[in-house]
Amino acid sequence: MSLTATTPAVPPSSSAHAQESSQTPSLADVLDALRAAGEETRLRVLLLLSEGELTVSDLARVLGQSQPRVSRHIKILLDAKLIERHREGSWIVLRLGGNASMIKVVRTALEALAPCLPERQHDRAQLELIKQERHERAQLFFAREAANWNTLRNLHVDETQVEAAVTEFAGPGPFSQLIDLGTGTGRILELLAPHCSRAIGFDVNADMLAYARVQLDQPALRHCQVRRGDISRLPEFYGSADLVTLHQVLHILSDPAGVLGEAARLLVPGGYILIVDFAPHDLEYLRAEQSHARLGLSQGQMKRWLDAAGLKLLKHVDLAPEQDGNLTVSIWLAERPVATPLRKRKANTI
Ligand SMILES: C[S@@+](CC[C@H](N)C(=O)[O-])C[C@H]1O[C@@H](n2cnc3c(N)ncnc32)[C@H](O)[C@@H]1O
């Protein structure tokens, strides 16, 4: 692999931090939370969610209770802000909620209370079963798709070298919130997890997300989550990230400039965006076989899109492959300048 930097290196500092909901909760909130949690089924629900995201139907299955009954408990926990939910198509996905300090308190209390719950062993066994089933479904999907992925991976620079460069470009952080757009199997979340307090990956593909959830189901990655969502429209997350990543995504999009504009709106002032994609190439068949909308992205094109999004290019590198005919991977790091207001959404800028 050869390495060509075309702009001076500017290491990211950790000056930009997303505003995280980590203030000390009010006494009223704590009392509400304690009252809501003080019931056996709800403690079981909290313990199950402390091990990862689950749907209402997963919970009903583990608890051996009807969905309406479980939903009533869920509502109480939602009202007390102990858990939060998001919709994924027809699914409602639940996780431990909102305020970071409250989550810490809840986790500590749950650890102490777990041995007192008679159903704990049963719940754990049922949860393992659900995870195992998910794992098998995800493996089936990947067995179908692996051929495509491996073909593409073999066409460019060795992944470990790309990942080393990504880690170096991102810098040590620490980042308060990483948002990975088009997260696929969640690899970028896993890679950058040690450098951030919270990491969210968005993707439209439910099969990819199912696989990502299995990959992220590790104690060291509890602060990482994936969500189903269209990356061209994420208004709820505006101004919340100090690092946004787009790894091998822009070349498949019909409106990459629009998504870069949206990525800029996700950033806090001073936040960074890290983009990894192919340099221009002429492998025409990738349009049909791998849904590539563009055969790579040029420096000029990227600079225009970043400018249009109000982002400032900090550095860029081309990782050329050892083998002739393989694809060059480009990495760009840009910043949302502190003084720049967020640009409003507008028609495509190409
Ligand atoms: C080539 S894959 C890259 C996945 C991952 N970033 C990686 O490098 O392993 C592109 C991903 O973008 C997702 N994607 C495409 N358009 C999207 C959209 N509008 N909103 C959310 N995800 C999208 C696809 O589902 C796919 O998982």
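Q: Leaving aside its neighbours within four places in sequence, with which residues is Ser50 in contact?
A: Contact means heavy atoms within 4.5 Å. By that criterion Ser50 touches Leu96, Arg107, Leu110 and Arg222, once its neighbours within four places in sequence are left aside. The model is a predicted one, in which local features need pLDDT of at least 70 and side-chain atom pairs count only at pLDDT 80 or more, whereas totals for chains, interfaces and linings use all residues. Residues are numbered from 1 along each chain as its sequence is written, and side-chain values use heavy atoms, with hydrogens and water left out.

Q: Where is Ser50 placed, and is Ser50 buried or exposed?
A: Helices (H or I, at least four residues) and strands (E, at least two) are DSSP runs, numbered from the N terminus. Ser50 lies in the loop between α2 (40-49) and β2 (54-55). Buried means under 20% relative accessible area, exposed over 50%, and partly exposed in between, with a 1.4 Å probe and protein chains only. Ser50 has a relative accessible area of 12%, so it is buried.

Q: Which backbone oxygen lies 2.6 Å from a polar atom of the side chain of Ser50?
A: A polar contact is a pair of N or O atoms within 3.5 Å; within protein, one must be able to donate a hydrogen and the other to accept it, and residues adjacent in sequence count only if both atoms are side-chain atoms. The oxygen in this case belongs to Leu47.

Q: With which side chains does the side chain of Asp318 make a polar contact?
A: One partner is His316, at 3.0 Å, and another is Ser330, at 2.6 Å. Asp318 is part of strand β10 (residues 312-320) and, with a relative accessible area of 18%, is buried.

Q: Which of the 16 residues around the ligand come nearest?
A: A residue is near a molecule or strand if one of its heavy atoms lies within 4 Å of it. The nearest of the 16 are Gly182, Asp203, Asp230, Ile231 and His247. A polar backbone atom of Gly182 is 2.8 Å from a nitrogen atom of the ligand, and a polar side-chain atom of Asp230 is 3.0 Å from a ligand nitrogen.

Q: How many disulfides does the structure hold?
A: A disulfide is a covalent bond between the sulfur atoms of two cysteines. The criterion is a pair of cysteine sulfur atoms within 2.5 Å, and the structure holds 0 disulfides. The sulfur of Cys224 is 5.8 Å from the closest cysteine sulfur, that of Cys196, and therefore too far for a bond. Cys224 is buried, at 7% relative accessibility, whereas Cys116 is exposed, at 58%.
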